[in-house]
Amino acid sequence: MSFKEEKREKIKRYILDKVDMNQKDLARRTANTFEISLNTVYRYVRELEEQRIIEKKDGRYVFVEKVETVRLRLSKRERLEEDDVYIKYIDKFVNGLPDNVQRIWQYSFTEMMNNAIEHSEAALVTIMVVQNYLNTAIFIVDNGIGIFRKIKEYYSYASLDDAVNELFKGKLTTDKKNHSGEGIFFTSRILDRFAAVSDSKIFSHDKYTELLRNLEDIKALKDWKERKGTVVYMELSNYSNKILKEVFDMFADVDGGFTRTHIPIKNIYEMYPVSRSQAKRLCHRFENFKEIELDFQGISEIGQGFAHEIFVVFQNEHKDVKLVPTHMTKEVERMIYHVTSTSLH
């Protein structure tokens, strides 16, 4: 029995998605889903094996991976150019992927490589590319001062956590003359997964526990907690539908300026935020934006002092900044209403 090409591709893609999820009973699930025999499923699996897309290890199917590692020395006398590094080491992996994916990788890699070259104060940068049929991951590892320590010292923040939290807002740079501070902000949002790790601290929009576990599973980064410098981890589907310009437009005004930002509150506070001091640190540099989305997803409640400092004190002092709270529980919404309505009387 033969299937139309469209159904054949759907079956193959289903198998690959299950391999990506490390799913048990792959053959049985595929047979049940598409109402085909196990022998038919095994024929598709053999085709994927012959094409060197998947292989069997320890009783399970996994993706065949292409892995390449390169180590680059940084010298003050001869500057390394991030565009040259991209063309020499990265382009061969992404060339042939959809145009939108290539554009995302070119932007993301060159922005993060530039940070390593110009800001890390490192002597050595290691680049590792790990690619399979569905995804590409790139690591940029330097042995420099560490991104969060650099930000902390430049802005005289009280702690490394304060430096990490500032990255969520964007427009953060230690070289205002030459950089806008947009690179990490936009890179972290356009990729499927992004993390910057240094001094046992992590900046990421993904679930921390899951991401930490993934980092620990990578042999080359086994000692990342004790590693000097910064590890930047980037991952994107080879078939992503994301468009770089659409992400830029989400945070820009009609003139193209970076005027809006989005802050996931749950990524900043381990417990629910209660104090004015927490709110004051959160509001630092809010005045650099026209609109700020405060995303309360995952936050069950907030303290009165915290809410009052943001939605009354800061808002009264910066009436031109629009604060947009989203994904609020009834408790969070009630507290914000309480402090704002009380201030009117």
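A crossing of two helices is left-handed if the near helix is turned anticlockwise from the far one by less than a right angle, and right-handed if clockwise. Keep that in mind for the helix pair below. The model here is predicted, and local features need pLDDT of at least 70, side-chain atom pairs count only at pLDDT 80 or more, while totals for chains, interfaces and linings use all residues. Residues are numbered from 1 along each chain as its sequence is written, and side-chain values use heavy atoms, leaving out hydrogens and water.

- Helices (H or I, at least four residues) and strands (E, at least two) are DSSP runs, numbered from the N terminus.
- In a regular strand, side chains alternate between the two faces of the sheet.
- Strand 6 has both faces covered: Arg193, Ala195 and Val197 are buried on one side, and Phe194, Ala196 and Ser198 on the other.
- Buried means under 20% relative accessible area, exposed over 50%, and partly exposed in between (1.4 Å probe, protein chains only).
- Because six of the six residues of strand 6 (residues 193–198) are buried, the strand is largely enclosed by the rest of the structure.
- Strand 6 pairs with strand 8 (residues 230–237) in the antiparallel sense over five bridges; pairing requires that DSSP finds at least two bridges between the strands.
- In that pairing, Ala195 stands opposite Tyr233 of strand 8.
- Strand 7 (residues 201–204) also pairs with strand 6 in the antiparallel sense, over four bridges, and here Ala196 stands opposite Phe203.

**Helix 11 against helix 12**

- The axes of helix 11 (residues 276–283) and helix 12 (residues 304–317) come within 7 Å and cross at roughly 45°.
- That makes helix 11 oblique to helix 12.
- Axes are lines fitted to C-alpha atoms, for helices over the stretch in contact, with angles from 0 to 180 degrees between N-to-C directions; under 35 degrees counts as roughly parallel, over 145 as roughly antiparallel, 65 to 115 as roughly perpendicular and the rest as oblique.
- The crossing of helix 11 and helix 12 is right-handed.

- Most residues other than glycine have a negative phi.
- Arg52, which is not a glycine, has a positive phi of about 60°, and lies in the loop between helix 3 (38–50) and strand 1 (54–57).
- Arg285 has a positive phi near 75°; this residue sits in the loop between helix 11 and strand 10 (291–295) and is buried, with a relative accessible area of 6%.
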